Amino acid sequence: MLTYRTIDLEKDQCEIVEFRKDSFMTSFGDISGFHKSNYLTYVKKMKEAFKDGFVMAEEVGRTVGQLELSVKRYEGREIGYIHLFYLVAEKRGKGYSGALQSYAMDFFRKYQVGEYHLRVAPANRRARQFYKKNGMVDIGPELDGKVIRMKGTI
C-alpha cells in the first residue's frame, strides 16, 4: 500500500531533481530543457498552493514515486492538471500507476473539477498507453509538437 506525504524540499531535493531529470530523459532523450534552480523554485511555490498535490509516494518508507497536481485555468474554465506523474523504473508496469491515478482523481474531486489535463511526449508510448487506458484522449500537439496535450474526465 502506498502512502503519500507533501514534498519536503530539504529532505527530498536530490530525489525530486533526479526524478524530474529521469522524466526528461524518458520523454525527450536528454535533459537540456531541465534547470534545477528553476525547478526547485517552481516546486516551492506550487506546493504552497497545493500542499496535497505535490507529494512523494512511499511504500514501507521507501520513495517509489512523485505526483505534482494542481488546478489551473484553461480556455476560461478550471481544470485539474498533472505536472508530473512519476514512478521509479522498478515499479513501472506492476500496478503502482493505478494507485497514483487514484490519488490524482481524489485530489481533483476535492477541488471539484470535472476534467484534467497533462502533457506527454509523443515518444513516451508507455505513458500515453496508460493515460489512454484511463480514458484520456489527445487534444493536440503543443510546444511545436514537442508534447501532446491530453485530457480526461473525473
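Buried means under 20% relative accessible area, exposed over 50%, and partly exposed in between, with a 1.4 Å probe and protein chains only. The model is predicted: local features need pLDDT of at least 70, side-chain atom pairs count only at pLDDT 80 or more, and totals for chains, interfaces and linings use all residues. Residues are numbered from 1 along each chain as its sequence is written, and side-chain values use heavy atoms, leaving out hydrogens and water.

**Exercise 1.** Classify the ring pair formed by phenylalanine 24 and phenylalanine 28.

*Solution.* Rings of Phe, Tyr and Trp (its six-membered ring) pair if their centres lie within 6.5 Å; planes under 30 degrees apart are stacked, over 60 edge-to-face, and the rest tilted. The structure holds 15 aromatic pairs. For phenylalanine 24 and phenylalanine 28, the centres are 5.7 Å apart and the planes stand at 65°, so the pair is edge-to-face. Phenylalanine 24 counts as buried because its relative accessibility is 15%, whereas phenylalanine 28, at 32%, counts as partly exposed.

**Exercise 2.** Identify the ring over which the charged end of lysine 72 sits.

*Solution.* The criterion requires NZ of Lys or CZ of Arg within 6 Å of the ring centre and within 35 degrees of the ring normal. The charged end of lysine 72 sits over the ring of tyrosine 81, 4.2 Å from its centre.
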